[in-house]
Amino acid sequence: MTAKGALLKRSMRIAGHRTSLALEQEFWSALERIARARSQTLPVLIASIDDGRAKDAPDASLASAVRVFVLENRV
């Protein structure tokens, strides 16, 4: 269990390359709920967020794009 608001880093393969993403546990939990609701794996969902970030806000970090996505898609 991590302290509330502490960053938790996870590594995964997204679109063929290995990357790490640090988010607060609360955002990881929300992201997992969204992935389950869409019947997607977490890496597939994050890859789709990354694709959108590359098109719409290429200067934004992936972590920022994921946080905004979670806020816009809460389930």
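Against which elements do the buried residues of α2 pack? In this predicted model, the buried residues of α2 pack against β1 (7-14), β2 (17-24), α1 (25-37) and α3 (62-72). The residues concerned are Leu-42, Leu-45, Ile-46, Ala-47, Ile-49, Asp-50 and Arg-53. Helix α2 itself covers residues 42-56 and comprises 15 residues. From its first C-alpha to its last, the helix reaches 21 Å, close to the 21 Å expected at 1.5 Å a residue. At its N-terminal end, α2 is capped by Thr-41, a side-chain oxygen of which lies 3.2 Å from the backbone nitrogen of Val-44.

In general, an α-helix has 3.6 residues a turn, so residues three or four places apart point the same way. Asp-50 has a relative accessible area of 15%, and it is therefore classed as buried.

In total, the structure holds three salt bridges. Another of these joins Glu-32 to Arg-10, with the closest N and O atoms 2.8 Å apart. Because Glu-32 belongs to helix α1 and Arg-10 to strand β1, this pair ties together parts that are 22 residues apart in sequence. Both partners are partly exposed: Glu-32 has a relative accessibility of 24%, and Arg-10 has a relative accessible area of 23%.

A further salt bridge is formed by Glu-24 and Arg-67, whose closest N and O atoms are 3.0 Å apart. This pair links distant parts of the chain, with Glu-24 in strand β2 and Arg-67 in helix α3, 43 residues apart. Glu-24 is buried, at a relative accessible area of 18%, whereas Arg-67, at 21% relative accessibility, counts as partly exposed. The two values fall on either side of the 20% limit under which a residue is called buried.

The charged end of Arg-10, the partner of Glu-32, sits over the ring of Trp-28 at 4.4 Å from its centre. Pairs between aromatic rings, by contrast, number zero in the structure.

Technical notes: Residues are numbered from 1 along each chain as its sequence is written. This is a predicted model: local features need pLDDT of at least 70, side-chain atom pairs count only at pLDDT 80 or more; totals for chains, interfaces and linings use all residues. Side-chain values use heavy atoms; hydrogens and water are left out. Rings of Phe, Tyr and Trp (its six-membered ring) pair if their centres lie within 6.5 Å; planes under 30 degrees apart count as stacked, over 60 as edge-to-face and the rest as tilted. A charge sits over a ring if NZ of Lys or CZ of Arg is within 6 Å of the ring centre and within 35 degrees of the ring normal. Helices (H or I, at least four residues) and strands (E, at least two) are DSSP runs, numbered from the N terminus. The expected span of a helix is 1.5 Å times one less than its number of residues. Buried means under 20% relative accessible area, exposed over 50%, partly exposed in between (1.4 Å probe, protein chains only). Contact means heavy atoms within 4.5 Å. A polar contact is a pair of N or O atoms within 3.5 Å; within protein, one must be able to donate a hydrogen and the other to accept it, and residues adjacent in sequence count only if both atoms are side-chain atoms. A salt bridge is a side-chain nitrogen of Lys or Arg within 4 Å of a carboxyl oxygen of Asp or Glu.
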